[in-house]
Amino acid sequence: MENALEVEGLTVRFGETEVFRDLSFHVAKGSSFGIIGPNGAGKTVLFKTLLGALPHTGSFRWAKDSRLGYVPQKLDIERDLPITGRELLAAKGGVSRAARGEVERVLGSVGLGAEVAGRTIGSLSGGQFQRLLVAFALVGKPNVLLFDEPTAGVDEPGQEGLHDTIQKIQAEQQLTLLLISHDISVIYRSVQQVLCLGRHRPVVGPPEECLTPQALAELYGAPVRFHVHDHAEPRP
Amino acid sequence: MQSLDPRALGLALAMAVAAGLVGSFAVMRRMTLAADAMSHVALPGIGLALIFKLQPVVGGVAMLLLGTLLIWALERGTRLSTETIVGVVFSAALAAGSLLASGEELIDALFGGAGKLAPWESAAGLAVAAAIVAFVLLEKDRLIVSLVSPDIARTAGIDVARLDLLFLAAFSLTVALGLRYLGVLLMGSLIIIPGATAKRLARSLHGMLQISVALAVGATALGFVAAALLHRETGPLVILCSASFFFLSLPFRRTA
């Protein structure tokens with residue numbers, strides 16, 4: 001299968017501090033790729049590097065036709081601004097020259113109604129706001145999605161629903177998904193390959209090989225429990 | 001003491017439209033404090049222009065644009081916040097400027113002063129105001145996306161550094177437009193106060209831009225009329241009107 005992303009010997013340093021070194025992996029087109037690791041392991045830094053925002057050594061290469069959609073972990077925007085969800089999406093649509101009606105299409109695919117989209121972003125619940133961010137990433141028809149903790153700040157039932165939505169969009173539109181999550185069970189059931197970033201040498205492989213209790217204890221420096229949901233669909 | 005000069009009023013209203021638009025984005029970008037201090041950088045330019053017997057506004061504009069490049073470069077080079085950089089650089093500019101200009105000239109530069117407007121000044125001012133308005137309206141979508149997250153903006157193909165520089169330049173030029181009436185101390189306020197008031201009242205970005213422009217234009221028009229009636233300087237009256245709108249807006253707050 002052709003690759004959406006190829007990373008070779010990628011190293012990022014902030015001054016004297018090495019965030020990660022000699023990272024090599026590839027992500028097949030249309031597949032889901034998970035990234036896990038303890039706080040400070042460099043997951044978000046890896047995303048920012050892949051977006052071209054940070055200096056690095058080594059190389060990475062996106063497939064030529066890549067269009068990236070990104071949901072960052074933290075936003076710079078203040079939530080109390082008088083901007084409606086629809087205005088945010090329309091602005092992204094304007095920048096990416098989206099077709100007419102695309103805003104309504106993405107609102108539909110993340111399950112946000114017209115009434116919610118017309119409200120100011122400060123009046124949305126945590127779950128609605130995260131759905132809006134996913135919609136924001138989807139405007140402009142990306143074929144690669146980079147999601148950094150897309151369910152942060154959402155209650156547990158809401159997280160399940162949002163992850164199901166993301167998986168459904170990814171499968172329907174054959175998108176390549178790179179997903180950072182603290183939720184090992186989500187990673188276990190939704191990705192084909194996982195990158196474990198930690199204190200030791202990074203490991204890449206299928207979740208059933210990489211996410212053993214022993215490997216996780218080594219990665220996090222403490223035993224980690226996670227629950228594989230019974231209704232998880234078998235991976236292709 | 002002044003009478004109502006239609007040409008001056010026309011230019012001031014065009015400046016107010018630009019100030020309302022630029023101010024809305026400056027408030028959303030959390031440049032409130034920085035914006036005020038940034039206008040001070042014009043002062044050493046005005047001082048130098050007076051020494052070399054040039055038009056004060058030319059010196060002010062030149063120094064503002066130089067200052068814009070300086071903060072932009074420092075921001076990128078040092079990763080300090082805009083507030084910190086502007087705070088340091090522009091307090092220094094104010095100090096240097098007050099050494100270079102003195103007496104009556106300094107008061108005029110600080111608070112704005114009267115003086116007949118030459119036709120070229122009026123034409124150049126209108127052209128600059130039109131360019132600023134066009135920039136904000138044409139780049140509105142890019143400004144919003146980079147406001148949400150510079151990293152998302154990058155994925156959408158936006159050159160964030162270039163956009164930041166252009167916005168700072170638009171801001172500086174707006175300050176330059178108001179130097180004559182409001183002076184370096186007050187012009188920052190005309191940009192920021194309508195935007196801050198509109199942020200409290202509006203229920204959408206569209207609404208915020210409209211309210212901000214309406215408040216800036218309203219305060220400028222009222223200030224001009226009051227100056228003619230009371231035989232006082234225009235600048236302080238414009239700012240007082242603008243600040244009154246802000247205080248009047250305090251009991252009101254959007255609900256959705």
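Select domain 1 and domain 2 of chain A: their centres, taken over C-alpha atoms, are separated by 25 Å. The assignment, automatic or from a database, gives domain 1 as 1-66 + 143-236 and domain 2 as 75-140. The model is predicted: local features need pLDDT of at least 70, side-chain atom pairs count only at pLDDT 80 or more, and totals for chains, interfaces and linings use all residues. Residues are numbered from 1 along each chain as its sequence is written, while chains are lettered from A and ligands numbered from 1 in the order in which they are written.

**Between the domains**

Next, display the contact of the two domains, which takes ten residues from domain 1 of chain A and nine residues from domain 2 of chain A (contact: C-beta atoms, placed from the backbone, within 7 Å). On the domain 1 side, helix H6 (residues 156-172) of chain A gives the largest share, five residues (helices, H or I, of at least four residues and strands, E, of at least two are DSSP runs, numbered from the N terminus). That side of domain 1 of chain A divides into six nonpolar, four polar and no charged residues (nonpolar: Ala, Val, Leu, Ile, Met, Phe, Trp, Tyr, Cys and Pro; charged: Asp, Glu, Lys and Arg; polar: the others, Gly among them).

**The sheet of chain A**

Now select strands E2, E1 and E4 of chain A, which in that order form an open, antiparallel sheet (strands pair if DSSP finds at least two bridges between them). Strand E2 (17-28) and strand E4 (57-62) of chain A are at the edges with a single partner strand each, so one side of each has no neighbour in the sheet. From one strand to the next, the twist averages 15°.

Strand E1 (residues 3-14) of chain A pairs with E2(A) over eight bridges. Where in E2(A) is the bridge partner of Glu6(A)? Select His26(A), which is that partner.

**Chain A against chain B**

Show both chains: 26 residues from chain A and 25 residues from chain B make up the contact. On the chain A side, helix H2 (85-95) and strand E5 (68-71) each supply at least two residues, and H2(A) gives the largest share, six residues.

Conventions:
Axes fitted to C-alpha atoms, helices over the stretch in contact; angles between N-to-C directions.
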